[in-house]
Amino acid sequence: MTATIDLERGRLTVITGPSGVGKGSLVNELLERNREIWLSISATTRAPRVGEVNGEHYFFVEKDEFNELVANRGLLEWAEFSGNFYGTPHKPVMKKLQLGFPVLLEIELEGARQVRKSCPEAFQIFVAPPSFEELERRIRGRGTENEQAIFKRLARAKDEISASNEFNAVIINDNLNLAVQEIEKLMGLIA
Ligand code: ADP
Ligand code: 5GP
């Protein structure tokens with residue numbers, strides 16, 4: 001944690017949930033429908049997946065560069081997840097909030113906990129799967145991780161799901177369209 005943010009409740013929204021639950025799919029749809037939302041682009045030491053573009057999906061950085069960001073207080077929050085580091089660049093978030101945009105962070109549990117401390121006004125949403133079996137089907141169906149990475153992510157998913165009661169709201173991503181609508185309601189974008 002590197003900063004304290006003072007802002008209106010609801011301006012900053014955090015979306016957290018286990019790998020493969022559909023956060024990326026939900027966020028894409030949300031951005032498609034609500035052009036005013038600004039999604040923070042994280043820095044990560046993970047290797048790009050096929051089709052991922054530097055500066056669009058993530059800022060792909062080396063470990064040294066990531067350490068420098070941490071040392072220079074350049075990250076609003078950061079965490080290690082499944083053997084890689086991920087963090088939210090601090091400055092662009094502040095800038096967009098100051099300009100009055102609704103800002104979205106799609107981050108894992110430890111990062112959400114850090115934001116809860118530095119920014120208690122942020123609205124935190126946990127996205128849960130309809131069942132653990134369905135989560136496994138989705139993460140395998142995506143086909144982006146090897147068996148070892150899938151195993152790690154599913155093990156971590158159990159801890160994350162058991163922390164869902166820390167969040168302001170829990171959305172079950174069963175029907176994607178309905179889940180997006182629920183998030184839009186929570187963000188005050190639709191009635
Ligand atoms: P995350 O960003 O949480 O890791 P993704 O958005 O990559 O998850 O989704 C993981 C997989 O699940 C993808 O193949 C996606 O198409 C699929 N998926 C997402 N939401 C749903 C849903 N509501 N029903 C069925 N499949 C879904
Ligand atoms: P993936 O490797 O599947 O893109 O992301 C793995 C996990 O890292 C997901 O739970 C995602 O939400 C999380 N994540 C992505 N960016 C950040 C970030 O900036 N900070 C934190 N704490 N987690 C992040």
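What follows is a set of questions on the labels, with answers.

Modeller: This is a predicted model, where local features need pLDDT of at least 70, side-chain atom pairs count only at pLDDT 80 or more, and totals for chains, interfaces and linings use all residues. Residues are numbered from 1 along each chain as its sequence is written, chains are lettered from A and ligands numbered from 1 in the order in which they are written, and side-chain values use heavy atoms, with hydrogens and water left out.

Biologist: What makes Arg 49 a polar contact of ligand 2?

Modeller: A polar contact is a pair of N or O atoms within 3.5 Å; within protein, one must be able to donate a hydrogen and the other to accept it, and residues adjacent in sequence count only if both atoms are side-chain atoms. An N or O atom in the side chain of Arg 49 is 2.8 Å from an oxygen atom of ligand 2, so the pair passes. The side chain of Glu 77 has an N or O atom 2.7 Å from a nitrogen atom of ligand 2. Thr 88 uses a backbone N or O atom, 3.3 Å from an oxygen atom of ligand 2.

Biologist: How much of ligand 2 does the protein bury?

Modeller: Taken alone, ligand 2 exposes 510 Å², and the protein buries 96% of that. Areas come from the Shrake-Rupley method with a 1.4 Å probe; for residues, only the protein chains shown count as cover.

Biologist: Which residues count as surrounding ligand 2, and which are closest?

Modeller: A residue is near if one of its heavy atoms lies within 4 Å. For ligand 2 there are 16, the closest being Ser 42, Arg 46, Tyr 58, Tyr 86 and Glu 106.

Biologist: What does ligand 1 have around it?

Modeller: It has 13 residues around it, with Gly 20, Lys 23, Gly 24, Ser 25 and Arg 142 nearest. A polar backbone atom of Lys 23 is 2.8 Å from an oxygen atom of ligand 1. A backbone N or O atom of Asp 174 lies 2.8 Å from a nitrogen atom of ligand 1. Taken alone, ligand 1 exposes 560 Å², of which the protein buries 71%.
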